[in-house]
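Hi,

Here is the structure I promised to pass on. Have a look at it first, then read my notes below.

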Amino acid sequence: MNVNEQIKQIADRIKYLRDAVDMTAEEVANAISLPLETYLQYENGEKDIPISIIYSTAAVLGVDPTELIIGEAPRMAEYCITRKNAGVIIERFPGYSFEALAHNYIGRDKEPMIVTISESDEHPALVTHSGQEFNYVLEGKLGVTIGNRDFQLSAGDSIYFSPSIPHGQFAIEGTAKFLTIIDKE
């Protein structure tokens, strides 16, 4: 499945669930602090939906983000094992994908993912979200922008930060792979 199809499927799920809970697009946009025009671009699949918006929207709609991303609700309440290379892989856009490692655990308050980023000429758009975030570099060199500062991390390095500060990650000299754990609270 290509990136545009994934975005469209997520957008369709958001619209379906918004209708199911009897909310207007304006109510959801206000609840996640987005201009209505931007929200509608996401909901209509016209624009890539940042993961932070998926999480915020899921919270407003009263569902687990997994339901928006893959269309299925988590099923495990006591434990969740994800075998090597068996997590749900989402390609956010060309050169950026992540593998969700705990997508099947009900009520999780952390989101562990393995992110793979290919080197690009452009810095990523900076995002913000609530909670806390931890990144541990598994392979390659990773650049991390937090606010107006850039940090360079190599395999074995890690960074823990407040994602309420605009931030983004990018690969340096090839492909970078890192474990990220996002505290959703």
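**What I found**

Just after H4, Gly 62 takes a positive phi of about 75°. Helices (H or I, at least four residues) and strands (E, at least two) are DSSP runs, numbered from the N terminus. Before you go further: this is a predicted model, where local features need pLDDT of at least 70 and side-chain atom pairs count only at pLDDT 80 or more, while totals for chains, interfaces and linings use all residues. Residues are numbered from 1 along each chain as its sequence is written, and side-chain values use heavy atoms, with hydrogens and water left out.

Now the overall picture. The chain has five helices and seven strands, and along the sequence they follow the pattern α-α-α-α-α-β-β-β-β-β-β-β. The C-alpha trace spans about 45 × 40 × 30 Å along its principal axes. For 185 residues, a compact globule would have a radius of gyration near 16 Å, and the chain agrees, with 16 Å. (That radius is taken over C-alpha atoms, and the globule rule is 2.2 Å times the number of residues to the power 0.38.) Of the 185 residues, 41% count as buried; buried means under 20% relative accessible area, exposed over 50% and partly exposed in between, using a 1.4 Å probe and protein chains only.

Back to H4. Eight of its 11 residues are buried, so this helix is largely enclosed by the rest of the structure. Among the buried ones are Ile 51, Ile 54, Tyr 55 and Leu 61. The largest nonpolar core has 40 residues, and H4 (residues 51-61) gives the most to this core, with six residues. A nonpolar core here is a set of buried Ala, Val, Leu, Ile, Met, Phe, Trp, Tyr and Cys residues joined through side-chain atoms within 4.5 Å. Tyr 39 and Ile 49 have the most contacts inside the core. If you skip neighbours within four places in sequence, Tyr 39 is in contact (heavy atoms within 4.5 Å) with Ile 14, Arg 18, Ala 25, Val 28, Ala 29, Ile 32 and Leu 34.

On to the strands, which pair if DSSP finds at least two bridges between them. S7 (residues 167-183) runs antiparallel to S3 (residues 110-118), joined by nine bridges, and Thr 116 stands opposite Lys 177 in S7. S7 is also antiparallel to S4 (residues 132-146), with 13 bridges; there, Phe 134 stands opposite Ile 181. Elsewhere, five bridges join the antiparallel strands S1 (residues 88-93) and S2 (residues 96-100). Their hairpin has two residues between the strands, and Gly 95 takes a positive phi near 90° in it.

Which side chain of opposite charge is nearest to Asp 183? Lys 110, at 4.2 Å. Asp 183 is in S7 and is buried, yet has no salt bridge. (A salt bridge is a side-chain nitrogen of Lys or Arg within 4 Å of a carboxyl oxygen of Asp or Glu; Lys and Arg count as positive, Asp and Glu as negative, and His and the chain ends are not counted.)

Finally, two loop residues. Most residues other than glycine have a negative phi. Asp 22, not a glycine, has a positive phi of about 60°; it sits in the loop between H1 (3-20) and H2 (25-31) and is exposed, at 69% relative accessible area. Ser 33, also not a glycine, has a positive phi of about 60°; it is in the loop between H2 and H3 (36-43) and counts as exposed at 66%.

Cheers
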